[in-house]
Amino acid sequence: MANAHLILREATHEWHQRVEELSLFKKLMYPEVSVEDLLATLSLLYAFYERVESAIQPYFSQTSTLPYNSKKRALEADLTLLGALTQQVPGVFEVKDVAVAWGARYVLEGASLGRKVIARHLKKRLPAIASSLQFYQLEPDVETSWSHLVSALEAELQTPAQIDRATTAACDTFELLYNLAQLQRRDIKKTSVTGNPWSQLDGI
């Protein structure tokens, strides 16, 4: 069945808008964006990518048609650069088959264009820091990367049942990010953390 990516886009449209409206992400595009804003967002994204990537990576090994390149390592490097500690993130993101994995990956990879826009803005507003960040400088050729992803996704999601499982997983992935943002703790310190700021996430 063709146009699986269009079905995914339509199914996740509302969740995509809800996430874009989160103040945590909107602040990154403000003229007065601060290092604290950046740190809060990177911490949230680390928690999100750490959970989802660990679940989908077994389905995208180096032998697959389109291996998945981890973003978590870049987030770890950026948090370390800013003096923050990465914390173990409780909870499990359940992936039962490759269709579910593709639905979750669709959300992760779909953030590529947004990263490119944010990177340009941060270079203007926080030039001393932005030039050293890794996460917002990933995938320099976003258009080519996305076209390859769409081709691979269409080849993998051939039946209505597969597409249905992928769209459910994509919505669940967006919902996880939204819920993590709602629980984001603003008291993460640059030098040390008392306890785990993500300790409330077991039920998500």
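Figure 1. The protein chain, shown here as a predicted model, contains nine helices and zero strands, and reading along its sequence gives the pattern α-α-α-α-α-α-α-α-α. Of its 204 residues, 47% count as buried, and the accessible surface of the chain comes to about 10300 Å², with 52% of that area belonging to carbon and sulfur atoms. When contacts between residues at least 6 apart in sequence are considered, 81% of them join residues at least 24 apart.

**Figure 2. Confidence along the protein chain.** The average pLDDT of the protein chain is 85, and 83% of the residues score at least 70. Confidence is highest in helix α1 (residues 4–20), at a mean of 96, and lowest in helix α8 (residues 142–156), where the mean is 84. Over residues 186–204 the pLDDT stays under 50, although the model has 47 contacts beyond four places in sequence for this segment. Where pLDDT is low, the predicted coordinates should not be read in detail.

**Figure 3. Helix α5 and its surroundings.** Helix α5, which covers residues 98–110, has 13 residues and reaches 18 Å from its first C-alpha to its last, close to the 18 Å expected at 1.5 Å a residue. Because 11 of these 13 residues are buried, helix α5 is largely enclosed by the rest of the structure. At the start of the helix, a side-chain oxygen of D97 comes to within 3.1 Å of the backbone nitrogen of A99.

Figure 4. The side chain of R105 reaches the backbone oxygen of P67 at a distance of 3.2 Å. P67 is also among the residues in contact with R105 once neighbours within four places in sequence are left aside, and the others are I56, F60, L66, Y68, G110 and L149.

Conventions: Residues numbered from 1 in each chain as written. Predicted model: local features only at pLDDT ≥ 70, side-chain atom pairs only at ≥ 80, totals over all residues. Heavy atoms only, no water. Helix = DSSP H or I, 4+ residues; strand = E, 2+ residues; numbered from the N terminus. Buried < 20%, exposed > 50% of the residue type's maximum accessible area, 1.4 Å probe, protein only. Contact = heavy atoms within 4.5 Å. Areas by Shrake-Rupley, 256 points an atom, 1.4 Å probe, with all protein chains shown as cover. pLDDT = per-residue confidence, 0-100. Expected span 1.5 Å × (residues − 1). Polar contact = N/O pair within 3.5 Å; in protein donor to acceptor, adjacent residues only side chain to side chain.
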